[in-house]
Amino acid sequence: MTQPTPYGGRPLMPAPGAATPELRVARFRPHARRLVWSALVLIGVAGAVGYFSGNLPAPFEDWMLFTAAAAVVLLLVVLPYASWASHVYTITTRRVIERAGLLAVRRRELSHVRGYAIQVRRGPVQRLWGAGTLVLSDGVDSPLRLADVPSASLVHEVLVDQIEVSQILAHRDAQPLPPGVRSV
């Protein structure tokens with residue numbers, strides 16, 4: 001049996017009856033625009049520390065300035081960045097995975113084979129940045145919400161393609177093999 005030529009980097013279809021390997025298609029985080037305020041705070045704190053270091057009024061000392069600056073940077077820069085970095089979306093050839101959380105990790109999965117509806121929501125600011133929110137609903141579980149996804153239209157196309165390929169493979173593998181053909 002010959003395999004069709006892959007189009008656009010699509011991997012070859014496995015032989016009927018053969019196990020399909022799970023490959024990572026995309027891995028991304030929510031759009032980083034929410035970190036703009038953290039960057040501005042970091043620049044402001046660095047400027048303030050540089051200006052006031054050695055120029056503080058009499059009752060204050062430099063260690064107080066550095067402690068206050070460290071607290072502000074921790075609360076308004078490091079924690080928002082860690083929260084953003086801990087939220088990861090992964091699309092594989094079999095499922096969509098959402099993983100979030102700093103200390104307690106929450107993980108949700110949605111299989112492509114089951115099929116699901118994809119709804120794209122884009123507000124004016126999201127359209128400006130090319131982002132969007134994708135809501136994946138299979139009608140059984142609560143919807144999986146991929147919030148503030150960068151390049152939302154591209155991710156939507158990838159998800160539609162993965163659903164189609166997964167359902168084609170599931171249908172093909174459910175069919176009996178012709179006589180004389182062995183499964184691998």
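This briefing covers the aromatic pairs and the strand sheet of a predicted model. Local features need pLDDT of at least 70 and side-chain atom pairs count only at pLDDT 80 or more, while totals for chains, interfaces and linings use all residues. Residues are numbered from 1 along each chain as its sequence is written, and side-chain values use heavy atoms, with hydrogens and water left out.

**Aromatic rings**

- The structure holds three aromatic pairs, counted when ring centres of Phe, Tyr or Trp (its six-membered ring) lie within 6.5 Å; planes under 30 degrees apart are stacked, over 60 edge-to-face and the rest tilted.
- One of them joins Tyr51 and Phe52, edge-to-face, at 5.0 Å centre to centre and 80 degrees between the planes.
- Tyr51 is exposed at 57% relative accessible area, and Phe52 is partly exposed at 37% (buried is under 20%, exposed over 50%, partly exposed in between; 1.4 Å probe, protein chains only).
- Tyr81 and Trp84 form a tilted pair, because their planes stand at 40 degrees, with centres 5.7 Å apart.
- Tyr81 is partly exposed at 46%, whereas Trp84 is buried at 14%.
- Arg29 lies over the face of Trp84, 5.7 Å from the ring centre (the criterion is NZ of Lys or CZ of Arg within 6 Å of the centre and within 35 degrees of the ring normal).

**Sheet**

- Four strands make an open antiparallel sheet in the order S1-S2-S3-S4; strands are DSSP E runs of at least two residues, numbered from the N terminus, and two pair if DSSP finds at least two bridges between them.
- S1 (24-28) and S4 (106-111) are the edge strands, each with a single partner, so one side of each has no neighbour in the sheet.
- Six bridges join S3 (residues 95-100) to S4, and Arg95 has Ser111 as its bridge partner in S4.
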